[in-house]
Amino acid sequence: MSDDIKHILEKENLEKPDLVKLLSAGEEDRKLLFEKAMAVKEALVGKKVFYRGLIEFSNLCAKNCYYCGIRAGNKKQHRYEASEDEVLEAARYAWENRFGSVVIQAGERSGKNYVARIESLVARIKDMSKGELGITLSLGEQTEETYRRWFDAGAHRYLLRIEVSNPALYPTYHPVDKTHDYNARLEALYLLRKVGYQVGSGVMIGLPFQSVEDLADDLLFFQEHDIDMVGMGPYIEHADTPMYKYKDRLLPKMERFNLSLKMVACLRILMKDINIAATTAMQAIDPMGREKAIKVGANIIMPNLTPTKYRDDYLLYEDKPCTDEDAEECKRCLEARIHMAGGEIGYGEWGDSKHFKKRNPGNV
Ligand code: SAM
Ligand code: SF4
C-alpha cells in the first residue's frame, strides 16, 4: 500500500496530480480511496439514498451526438413519445410509493408546442401530487425563457451533462455545428443556475481518446462550476452510432466500470456535500453496479418508471438493464440491494443537494 495515496487522502484540497494518482490507483490503494469516500459520505450526507423515478418521456431527438443510440441520424431507431396520461400515471406510481421525486428525460427538442407540452406536464404532476413530488428535468439545451417557464411550472432541478469538460475533445464526440457547441452547453448551465434550478451535470467515463488527466479535469470542472449534483457513468458503445468505429480502442468494460467507481469516490472527497447518482450505465456493466457506487460515495438512485412498452426504444447503449422489468419488480429488488449496500432509503423526501441548500439557505 503506498504512503503516497495515504498522504493524498489526508489533504484538505485535492489538486489535479492528486486526482490523477487516485484515479490510477491499483487494487490495494483503491480500497483506501473507497474507505475514505465512504467515511466522507457518512459524515457529510449520511446513509440515506434518495430515489428519483426516471420517466423516459420520448426518444425523439433533434441532435446527433456521435455516441448516443437515439441520435436523430439513427434511422433504425423506432421513435415514441409517451402521452401525458402515461407520464402522469408513472409519476403517480412514484408519488404513491413515496419516491419523493421524478426525473423527466428525453432527447433534445424545441418549438412552441413542445415547450408548452412540457410546461403543462410539469404543472399536472405538481398538481396531482399536491406539490409533494420533486421534479427534475433532463431535456437538453433550451433558452432562458423555456427554462424559466418550466421552473415556474414546478420543476426545480435540471440535469445537463457537459459530457466531456475539455473543449478541445468536445468535437471528437459531437458534430461541429451550431447545435453541438461546447460554449452553448456551458452557457446553458449558467442559465439554469440563474433561473434558480439545482444544477446537475456529468460526463461519460472511458470514452475513446480520453485520458486519466481529462477525467481529473472533469472532476475539477464540477468543483469550479459549483455543480449541485452529478450523474456520471461509463461510456458504452452502440453499434448504430458513428463512435462504434472506435470500439477496439476502448478499455474493457470492466475497466471502464472500475474507473467510474474511482471517479465517484474521488468526487465525493472533492465535493463532499453534493448529490451523486449511481447511474444506470454502471448497472449495465455490473449487475450490482449501482450498489457498488453507493458503497463508494453515491447517494441517488434513479429507478426506471418508463412505461415498459417504451423501454426497448430508449436504448442509448448496448445491454441497458431492466428494460423488461415493471416498476414493482424493480422497486422490490432495488430496496433489498440498497440495504445490502448499507444504505437507507429516504422515502417521501426530495433529498435536495445539501450543497445547494448551503449556497441558498432561504431557497428550500
Ligand atoms: N438529450 C438530453 C441530453 O443530452 O442532455 C438528455 C437525454 S441523454 C440520452 C442523457 C445522457 O445519456 C447524456 O447526457 C449522455 O451522457 C448519456 N449517454 C448517451 N449515450 C450514451 C452512451 N453510449 N453511453 C453512456 N451514456 C450515454
Ligand atoms: Fe440527443 Fe441527448 Fe442523445 Fe445527444 S445525448 S443525441 S442530445 S438524446
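A word on conventions: residues are numbered from 1 along each chain as its sequence is written, chains are lettered from A and ligands numbered from 1 in the order in which they are written. Because this is a predicted model, local features need pLDDT of at least 70 and side-chain atom pairs count only at pLDDT 80 or more, while totals for chains, interfaces and linings use all residues, and side-chain values use heavy atoms, with hydrogens and water left out.

Let me start with the ligand. Of the 18 residues around ligand 1 (a heavy atom within 4 Å), those that come nearest are Tyr67, Arg161, Glu163, Arg185 and Ile236. Looking at polar contacts, that is, pairs of N or O atoms within 3.5 Å, a backbone N or O atom of Tyr67 lies 3.0 Å from a nitrogen atom of ligand 1, and a backbone N or O atom of Ala106 lies 3.1 Å from a nitrogen atom of the ligand. Arg185, in turn, places a polar side-chain atom 3.0 Å from an oxygen atom of ligand 1. Of the 550 Å² of accessible area that ligand 1 has on its own, the protein covers 93% (Shrake-Rupley method, 1.4 Å probe).

Now to Ala293, which is found in helix H12, residues 289–295 (a DSSP run of H or I, at least four residues). Ala293 is buried, with a relative accessible area of 0%, where buried means under 20%. Not counting residues up to four places away in sequence, Ala293 touches Leu261, Val264, Ala278, Met282 and Ala298, contact meaning heavy atoms within 4.5 Å. The C-alpha atoms of Ala293 and Met282, eleven residues apart along the chain, are separated by 8.1 Å.

Key:
Helix = DSSP H or I, 4+ residues; strand = E, 2+ residues; numbered from the N terminus. Buried < 20%, exposed > 50% of the residue type's maximum accessible area, 1.4 Å probe, protein only. Polar contact = N/O pair within 3.5 Å; in protein donor to acceptor, adjacent residues only side chain to side chain.
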